[in-house]
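Please look through the sequence and the structure below before reading on. The report then follows a few topics in turn.

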Amino acid sequence: MSGGPPRGLPSTGPHSLLDMPHPLAGSSSEEAVGGDSTPSPDLLTARSFGDKDLILPNGGTPAGTSSPASSSSLLNRLQLDDDIDGETRDLFVTVDDPKKHVCTMETYITYRITTKSTRVEFDLPEYSVRRRYQDFDWLRNKLEESQPTHLIPPLPEKFVVKGVVDRFSEEFVETRRKALDKFLKRITDHPVLSFNEHFNVFLTAKDLNAYKKQGMALLTRVGESVKHVTGGYKLRSRPLEFAAIGDYLDTFALKLGTIDRIAQRIIKEEIEYLVELREYGPVYSTWSALEGELSEPLEGVSACIGNCSTALEELTDDMTEDFLPVLREYILYSDSMKSVLKKRDQVQAEYEAKLEAVALRKEDRPKVPADVEKCQDRMECFNADLKADMERWQSNKRQDFRQLLMGMADKNIQYYEKCLMAWESIIPLLQEKQEAK
Amino acid sequence: MEQAPPDAPRQLQPAPLEPLGLPDAGLQAAAGEEEEGAREEGPADGTMTENNFWLKKIEISVSEAEKRTGRNAMNMQETYTAYLIETRSVDHTDGQSVLTDSLWRRYSEFELLRNYLLVYYPHVVVPPLPEKRAEFVWHKLSADNMDPDFVERRRIGLENFLLRVASHPILCRDKIFYLFLTQEGNWKETVNETGFQLKADSRLKALNATFRVKNPDKRFTELKHYSDELQSVISHLLRVRARVADRLYGVYKVHGNYGRVFSEWSAIEKEMGDGLQSAGHHMDVYASSIDDILEDEEHYADQLKEYLFYAEALRAVCRKHELMQYDLEMAAQDLASKKQQCEELATGTVRTFSLKGMTTKLFGQETPEQREARIKVLEEQINEGEQQLKSKNLEGREFVKNAWADIERFKEQKNHDLKEALISYAVMQISMCKKGIQVWTNAKECFSKM
């Protein structure tokens, strides 16, 4: 999916922005999402340092990258992306090369983040930085703060129970790396989030810690306003379309939870089956040692069972490493979406409360006061963002699950194919006529 | 054929053909006129003709099982299963079979037949019966003797037993076996009349011989070790296989849960719904496929069990050899000591300790007449002893020869049967893998349409 072009024009209710095509409409791309991003090799153009001073499409202020209330910023966003083909990507991010760092105070893993981009926001066409998990965590928090109306992709779980899981084992690190890669790719694919300042810094800064310290003091305008909103306002009723989304997410999360439990149970049963197989195979070997003519056939069966055992182990490892984490990620994702829905409710509640307050004042006002209008804008933008994100999320979810489930089927097919090969290969051995002893 | 010389009553003889009338008459009655034709065929060797005669002409099947109630020996009501045994004679010209005999037997009668065969053919590795009680069961299988699946497998096992006996070159000619197939009423009495229970070697005697025998044939000692180890390894195999079956069952059945959850999930999805729903259906198919797979595997387990029990039959032959060898050694020892005693009495020297010698010392010498009398008795005993030793030796050698011939036959059979069993097991696994590939390919197809 490309980094930006808006498609479709959703109607977000009767208000002043109706005539404006909304840049955040979900672009339901048919391409498979996820996996490695292949950088387009010929979009490398050097940007002069001066570009940064030009009017940027997502608002002028560094902190106000996603000020939805500004209609001009919306227009700008639309104009920039107008002439780019939907299929062309201009930002590619990859997470790889995990390395362990041992320091006096702690041991931790860093990952290499490689960025290739032709966007003006990036001074260089290519960047390579090292980041650790807490940097990702910081990024996510910053995104949530600065883009409260948007759904931020989930991170893999922060804490792992020491002793149960080895934080430095290859499998764990690889699983985490994949999840972090997915996280950044999802942001990359988002038309608004990918232009976020913090995201840019995360991808490019040599010293992220310095920036972090600096950022602590600032509060985004929008962040402030959202914080101001939370608490105190109770929503009377959720509009139907958002209620439907809420219901869907609830059921979806439930079903995923069930699938997660089933998958875990299957893996558990398969492991127990494996344990028995590992005892079963060798008994044929023991028997083989007693026999003369039957010795080779029995040994053959023993080896065959051994091969099947190995194939089964590969299957359970794959399912544990590839299937379960993605499932859990989507549960987190839907939880994220639910909390965004709640924030939206808050914004709507504030607007309605203020509107009511104005109505009650019975003053003859020629127009609605500015702050109530601002509230309305906020709400309507929030609604638009959320709906757009939801559509995008639905589309991605469909592709992700198609891929995930096909992958699960594939792994099982491969397992059976390995076993089939093993058994078919010993048939000739079993049928062989032995020479006279 | 392999029959012991028909002399001393102490000798065990295969009772069949002598005390119970002409065997040929019985066979003729069953086979009818086809018998003439069969007799004219085949090699001049009487044995082989008659052997082939059985196999060609007779088809045996245990075709049905039926639950019955009756009163047992203690006049208490009991439920048991009866099995229908049908014997057909086959017309060798057109392959048509005619039902000649049909009767019902219960498991205990099979046991009686087998015990009889064990006593009268100690040099034969007697085919085993299917297990009395279900063992090595994995949880889904019932351990109940009345369970229809168990009864069915037992029916097959009993049929297999009869076929094994009928195809054994020696056992097939046994009259009691023939009557088992043809004479429903009174058969039990007939068997008991042979007095075979009395002729059976006592367990204690056999155990004693096993420990005390000095010079058993080395081959039998090795065979005994082999059958012990075979028993151990097959038991282990069957136990683990049952656990493997259990676990495999669990794996397949849990997949059935996907069916339900995919169905529920599809209800809230728009485009993904159909794909999920149909994939769920395939998961259900997958989950239910394990029942047939494991049912088939039970046949493999039964084949292994047969050889597990065959190991016991092998051991029985070894035990018999040890018993005979021990008997021989004891007889030789006894003879040697008598000879020595005789010599001592004759020469007046006492070389060995004897109670008589002791008492003689204490209470005075015996008279020359007394001594003569004793020498005479001893000489008679020695004579008898030498005769017995000679025939025991002969018997022993005959036994070893015949037993070893049957053991060789058994080894061939075992190697062949177990190879076949392994092949059919591999074929089962292949079929299971192919089914698995099919189901998951179908599911993948559905997922791709999501």
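Leaving aside its neighbours within four places in sequence, which residues is A:Phe401 in contact with? This is a predicted model, in which local features need pLDDT of at least 70, side-chain atom pairs count only at pLDDT 80 or more, and totals for chains, interfaces and linings use all residues. Residues are numbered from 1 along each chain as its sequence is written, chains are lettered from A and ligands numbered from 1 in the order in which they are written, and side-chain values use heavy atoms, with hydrogens and water left out.

With contact taken as heavy atoms within 4.5 Å, the partners of A:Phe401 include A:Phe252, A:Leu256 and A:Tyr330 of chain A, and also B:Trp265, B:Met272 and B:Met450 of chain B. A:Phe401 is also one of the residues that touch the most other members of the largest nonpolar core, which has 127 residues. Such a core is a set of buried Ala, Val, Leu, Ile, Met, Phe, Trp, Tyr and Cys residues joined through side-chain atoms within 4.5 Å, where buried means under 20% relative accessible area, found with a 1.4 Å probe on protein chains only.

The structure holds 0 disulfides over all chains, a disulfide being a pair of cysteine sulfur atoms within 2.5 Å. The sulfur of A:Cys308 is 3.5 Å from the closest cysteine sulfur, in A:Cys419, which is too far for a bond.

| Residue | Relative accessible area |
|---|---|
| A:Cys308 | 7% |
| B:Cys446 | 9% |

Technical notes. Buried < 20%, exposed > 50% of the residue type's maximum accessible area, 1.4 Å probe, protein only.
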